[in-house]
Amino acid sequence: MFIARQLLRLVCAAALAATMILPLNAQEVRKSDVVRVLEGLHELPGIALGYRQSGFDEERTAIMLEHTRKVMANKGVSSFVADQLIAARQGQPTTNQLGGVIQPLVDRGLPFLPLKEQVYFLKVETTVVRALTKSNCGRVMKETINPETFSRDNHRVVSRLNTPALREYLRILRKAAITGVSRKAPPKISNATRQKVSDLYFSDVIERAQAENLMRQLEKSAESMRLLSNNDACRLGLLFVDTAIAYDGPDKRTLIQLFLLGFE
């Protein structure tokens, strides 16, 4: 979920900056004050500028501001983010660098969305990653890319998404975050079903890898994707996603859920 992390990172950076208007002493910061700031985040000076500086034109900047307004208008999301920001001000560890403070909600919510929305989400993600250079695509798959480099390249590509695609992607992103507020545990999948679906998926992966002369790389990746060249990591990573999207069995929803959960 490469794009989601970067777009959320924009929102979260803005949110963290916005809390700087509150008292410097973390003990003096009331959660209600942070929530109030978050709910008005889309109106604060400099937020729109941040989107423009990231490559969004006026129309897409307006779309991003509306997305920010809508996601922060949800009390569950704004409460969760407020807790994370207060913890950050107190020097406590919060969430990962790329994902930001909303990403855990998205990760929790995505597996519960309708299959159609999950597949759309993955298709947009892979469309953007394919538009990166092969080297940076490979670094994304190996999780070795410099966050600032990825942010720059990713925003350049996302800013060129057509308007309907961007709107729908953001709608799904918001829905996942809101769903994640109440879904603290992953979907229940029996061990038997998990094993059956995983076997079918990896059988398809092997078939595709053989057809694309990627078996050696697939075997290496079992130990670590970082053993691969950037070009091979890009090809293999996209193969994994494409195989999940193309899967046509009766258990596709379960497969996509497992894929989103990293088969854990």
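A search through the whole of this structure, which is a predicted model, turns up one disulfide. The partners are C137 and C234, with 2.2 Å between their sulfur atoms. That link ties together distant parts of the chain: C137 sits in helix 8 (residues 134-142) and C234 in helix 13 (residues 230-246), 97 residues apart. The link of C137 and C234 is right-handed, with 90° about the S-S bond.

How exposed or buried are the two cysteines, C137 and C234? Since buried means under 20% relative accessible area, both values land on the buried side, as the table shows.

| Cysteine | Relative accessible area | Class |
|---|---|---|
| C137 | 0% | buried |
| C234 | 3% | buried |

Now for some helix packing. Helix 7 (residues 115-130) packs against helix 10 (residues 163-182) with the axes 10 Å apart and an angle of about 125°. Angles from 65 to 115 degrees count as roughly perpendicular and those over 145 as roughly antiparallel, so helix 7 is oblique to helix 10. Their crossing is left-handed. On the helix 7 side, the contact is made by E117, Y120, F121, V124 and E125. Helix 10 brings P164, A165, E168, Y169, R171, I172, L173 and K175 to that contact.

Which residues of helix 9 are buried? They are P147, F150, S151, D153, N154, H155, V157 and V158.

Conventions
Residues are numbered from 1 along each chain as its sequence is written. This is a predicted model: local features need pLDDT of at least 70, side-chain atom pairs count only at pLDDT 80 or more; totals for chains, interfaces and linings use all residues. Side-chain values use heavy atoms; hydrogens and water are left out. Buried means under 20% relative accessible area, exposed over 50%, partly exposed in between (1.4 Å probe, protein chains only). Helices (H or I, at least four residues) and strands (E, at least two) are DSSP runs, numbered from the N terminus. A disulfide is a pair of cysteine sulfur atoms within 2.5 Å. Axes are lines fitted to C-alpha atoms, for helices over the stretch in contact, and angles run from 0 to 180 degrees between N-to-C directions. Angles under 35 degrees count as roughly parallel, over 145 as roughly antiparallel, 65 to 115 as roughly perpendicular and the rest as oblique. A crossing is left-handed if the near helix is turned anticlockwise from the far one by less than a right angle, and right-handed if clockwise. Contact means heavy atoms within 4.5 Å.
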